[in-house]
Amino acid sequence: MSTGKVIGVNLSARRGTKKINVGSGYLLADYGLQGDAHAGTSRQVSIFMAERAEELAGAIGLPFQPGDFAENITVQGINLEGIKVGHRILVGEAIVEITQIGKKDDESSSFSFLEPAPLKTEGIYCRVVKSGWVKTGDWVTIIT
């Protein structure tokens, strides 16, 4: 079983903006991270590996902070490469199910960050199947 830790719980009130690490949040079943602009959409919660984010930020000469790549949950120490749609992850008290990996550019996307925009190709999008709190320092475990 693969495990890691949450190092950022990030949200923004508007779509297309980088997210701010607020340290904790409530993942509501079939809705998403309360207070985040993407809650209630088909991509309720996004997860990204800190190691990959640090690599990408370093390649363009920028420091990395959780939320910089617009992810809701920044995780560290868990390898999510090779994870598949349908797999479930325990994040703090909540359980999320992978619904999509990467996303297509579409008209509703107003993402205005400098490239790279890794959530487009590597972002892990989930629906919340069990509500619960998640906070910095919580364990993250792949359960299926």
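Two rings of Phe, Tyr or Trp count as a pair if their centres lie within 6.5 Å. The model shown in these close-ups is predicted. A search of the whole structure finds three aromatic pairs.

**Figure 1. Tyr26 and Trp133 form an edge-to-face pair.** The ring centres of Tyr26 and Trp133 are 5.2 Å apart. Their planes meet at 65 degrees. An angle over 60 degrees counts as edge-to-face, so that is the label for this pair. Tyr26 belongs to strand S3, residues 24–28. Trp133 belongs to strand S10, residues 132–135. The pair therefore ties together parts that are 107 residues apart in sequence. How exposed is Tyr26? Tyr26 has 23% relative accessibility, so this residue counts as partly exposed. Trp133 has a relative accessible area of 47% and is partly exposed too.

**Figure 2. Phe64 and Phe69 form a stacked pair.** The centre-to-centre distance is 6.1 Å. The angle between the planes is 15 degrees. Planes under 30 degrees apart count as stacked, which is why Phe64 and Phe69 get this label. Are these two residues buried or exposed? Phe64 is buried, at 13% relative accessibility. Phe69 is buried as well, with a relative accessible area of 8%. Buried means under 20%, so both values qualify. Which residues make up the cluster here? Ring pairs link Phe48, Phe64 and Phe69.

**Figure 3. Lys5 lies over the face of Trp139.**

**Figure 4. Arg43 lies over the face of Tyr125.** In this view an arginine sits over a tyrosine ring. Arg43 is 5.5 Å from the ring centre of Tyr125.

**Figure 5. Asp30 has a positive phi without being a glycine.** The phi of Asp30 is about 55 degrees. Where is Asp30? Asp30 is in the loop between S3 and strand S4 (32–33). Strand S3 also holds Tyr26 of Figure 1. Asp30 has a relative accessible area of 53%. Exposed means over 50%, so Asp30 is exposed.

**Figure 6. Ala70 has a positive phi without being a glycine.** The phi of Ala70 is about 70 degrees. Ala70 is found in the loop between helix H1 (50–59) and strand S6 (73–76). Its relative accessible area is 12%, so Ala70 is buried.

Note on methods
Residues are numbered from 1 along each chain as its sequence is written. This is a predicted model: local features need pLDDT of at least 70, side-chain atom pairs count only at pLDDT 80 or more; totals for chains, interfaces and linings use all residues. Side-chain values use heavy atoms; hydrogens and water are left out. Rings of Phe, Tyr and Trp (its six-membered ring) pair if their centres lie within 6.5 Å; planes under 30 degrees apart count as stacked, over 60 as edge-to-face and the rest as tilted. Helices (H or I, at least four residues) and strands (E, at least two) are DSSP runs, numbered from the N terminus. Buried means under 20% relative accessible area, exposed over 50%, partly exposed in between (1.4 Å probe, protein chains only). A charge sits over a ring if NZ of Lys or CZ of Arg is within 6 Å of the ring centre and within 35 degrees of the ring normal.
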